[in-house]
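Here are my notes for you, written as a colleague would jot them down. Have the picture open while you read.

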Amino acid sequence: LGPTPPLPEFPSNIEVLQVYPLPNPEEVSVDPTETFFLTGGNDGYMYKVDLESGASEQVLTPRDFNPSAFEGMTDEAMRAFCNGEIPDEVTCGRILGIRFSQKSAKYVYVANSYFGIYLFKFGRNGHNKLFQLVDKTGSFINDVLESGRYVFYTDSHTYKQRNAVPYAVMDLDAP
């Protein structure tokens, strides 16, 4: 849970093609055209990264998932607050699961471990939309998958959130 470690020494038959400087990415989902990938950082943001250039941009912010917590706060102040510290995850969220829809590459399922399951729609000219499908505040959601007409997700712990999972082992009263 400390700083990101340096890249390991790879065997001589493995070549590192690109390193993307992102804040501890959790999930990688490559778009069907293999032009970019999406990832969630430990700071509560979702990033879109161009596979060739490595250029990244924010496509979702903690404000998108928890607007009342950041009301009146500047983007700079939100960025300073949501810096990947574990106690702040309850407010900033953490995206642990991302999957492109099988039906359309315009739609992405997003599992935010603190706020639930969302459907993200890429819009024209940056007019993206986010729809909450399942409100699971207080859980530990860590993955999502669409299969046919169903959306499956995993909720690793309904009693403790992700930032408190180490304490679940010590909590004998937990269901």
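The points below go through the salt bridges and then a surface patch.

1. Before we start, a word on the source: this is a predicted model, where local features need pLDDT of at least 70 and side-chain atom pairs count only at pLDDT 80 or more, while totals for chains, interfaces and linings use all residues. Residues are numbered from 1 along each chain as its sequence is written, and side-chain values use heavy atoms, with hydrogens and water left out.

2. How many salt bridges does the structure hold? There are seven, where a salt bridge is a side-chain nitrogen of Lys or Arg within 4 Å of a carboxyl oxygen of Asp or Glu.

3. Take a look at E27 and R99, which form one of these, with their closest N and O atoms 3.1 Å apart. This pair ties together distant parts of the chain: E27 sits in the segment before β1, R99 belongs to strand β5 (residues 95–100), and 72 residues separate them. (Helices are DSSP runs of H or I with at least four residues, strands are runs of E with at least two, and both are numbered from the N terminus.)

4. Is E27 buried or exposed? E27 counts as buried because its relative accessibility is 12%; the cut-offs are under 20% relative accessible area for buried, over 50% for exposed, and partly exposed in between (1.4 Å probe, protein chains only). R99, with a relative accessible area of 24%, is partly exposed.

5. R99 turns up again, as its side chain also meets that of D143 in a salt bridge (3.3 Å, N to O). Here too distant parts of the chain are linked: R99 is in strand β5 and D143 in strand β9 (residues 141–147), 44 residues apart. D143 is partly exposed, at 26% relative accessible area.

6. Next, find R79 and D43, a salt bridge whose closest N and O atoms are 2.7 Å apart. R79 lies in helix α2 (residues 75–81), whereas D43 is in the loop between β2 (36–40) and β3 (46–50), so the pair links distant parts of the chain, 36 residues apart. Why is D43 called buried? Because its relative accessible area is 3%; R79, at 30%, is partly exposed.

7. Finally, the surface: F10, I14, V16 and V19 make a nonpolar patch of about 330 Å². Patches are made of residues with over 30% relative accessible area and no salt bridge, joining like charges within 9 Å and nonpolar side chains (Val, Leu, Ile, Met, Phe, Trp, Tyr) within 5 Å. V16 is found in the segment before β1 (28–30), and counts as partly exposed because its relative accessibility is 40%.

Notes
Accessible areas come from the Shrake-Rupley method with a 1.4 Å probe; for residues, only the protein chains shown count as cover.
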